[in-house]
Amino acid sequence: MHQDIRKSKKSKSVVEKLKKTQKVAVGKRKSSRLSDDEGLNSDELEEVSSEDDEASKKKFPVHKELKDMSMYKWESGTLYATREEFKEAVTSYAVHTGRNIKFPVVDNVRVRAKCGDGCEWFAYAVKMANEDSWQLRTVNDHHSCNTVFDIKVMKSKWLAKVFRRKVEENPKLKLGTIQSRTLRKWNVQISRAKAFRAKQIALVDINGTFREQYRRLYDYCHELLRTNPGSSVKLKVQLPPAAQTEHPDTSLDLSPQFHRIYICLKACKESFMKCRPMIGLDGCFLKTPYGGWLLVAMGWDPNDQMLSIAYAVVEAETKDSWTWFLSNLIDDIGAEKLLRSTFMSDQQKVIY
């Protein structure tokens, strides 16, 4: 028994010596790594670890728009992609809850939203450093006011975004429908003028502005010629008066402006060759911001159906514009066919 006890004591001492030698070796390895010029010192290691801990802790919530913003919970630290996103969230919340919230402070670095006089609710958001996102810093999500029926912050731009899908499905959506749906959905009355502006903004967002569409006429003409080989498409432009001077002002828009366009599709041209020799001429003004007139040459097929032969968009219904339109029509149809045709102008009884 005495021998066994001595052996166990020796084995324990040997194990303790091995553990000490291992600790010393590990310490030497760490010191050699830290003493290396290319490595990091202990202070830097502590700083990096602390920064990683802070970065891991900073996990802020991201804004998610709800269908019913009255159930939205305002939380400090919430991130918003842009300033406009924060303002739209506040606007939707004000409309759904019937609160008269305003923006007393709006600039490039901060936005403050405040409820009506005497109410405790407010929200304050600032721009993040070196980022495009915004963060809600402080908020008091408690109202001490009553609901209102006239929401000042409800602008036409916000209404256009809400009714965009309805306008896209039905471009002829009536203004009274927009007013009634606004009253029924949010219990807010809007004027007819605000409904009209909201619809126009939605249409511009869907179809683009008229100016941008006129700039695409050149591409539209080439697309017609590509998809309808043998057709006649003529686009006439002119320079603005500012570009016709000796020393034009480069600060102004000197790009060519639309003047006239003439279109005669090959299928319509060939169809008229087999129809009765009778052509109806008519013109009407265009209800667009830039105005203009539409000139049309129509024919009748054997089934008494109207057939569009050619059409043109010109600046006005004048002798010069009609001469230009008929000259292009003669080049497409041919003088022989037109000489044997009967012309009727404006659907009148007089036949030429």
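Mentor: Start with Arg 164, which is partly exposed at a relative accessible area of 28%. On this scale, buried means under 20% relative accessible area, exposed means over 50%, and partly exposed lies in between, for a 1.4 Å probe and protein chains only. The model is predicted, so local features need pLDDT of at least 70 and side-chain atom pairs count only at pLDDT 80 or more, while totals for chains, interfaces and linings use all residues. Residues are numbered from 1 along each chain as its sequence is written, and side-chain values use heavy atoms, with hydrogens and water left out.

Now the pairing. Side chains of opposite charge can pair when their charged atoms come close. Here a salt bridge is a side-chain nitrogen of Lys or Arg within 4 Å of a carboxyl oxygen of Asp or Glu. The structure holds 13 of them.

Arg 164 meets Asp 205 in one, at 2.9 Å from N to O. Arg 164 lies in helix H5 (residues 164–169) and Asp 205 in helix H7 (residues 192–207), so the bridge ties together parts 41 residues apart in sequence. These helices are DSSP runs of H or I with at least four residues, strands are runs of E with at least two, and both are numbered from the N terminus. Asp 205 is partly exposed, at 49% relative accessibility.

Next, Glu 88 and Lys 161. Their side chains form a salt bridge of 2.6 Å, N to O. Glu 88 sits in helix H3 (residues 83–97) and Lys 161 in helix H4 (residues 156–162); the pair links distant parts of the chain, 73 residues apart. Glu 88 is partly exposed, with a relative accessible area of 30%. Lys 161 is partly exposed too, at 48%.

Then Glu 315 and Arg 260. The closest N and O atoms of this salt bridge are 3.0 Å apart. Glu 315 is in the loop between strand E10 (306–314) and helix H11 (319–333), while Arg 260 is in strand E7 (residues 257–264), 55 residues away. Glu 315 is partly exposed, with a relative accessible area of 35%. Arg 260 has 2% relative accessibility, so this residue counts as buried.

Back to Arg 164. Salt bridges that share partners join Arg 164, Glu 168 and Asp 205 into one network.
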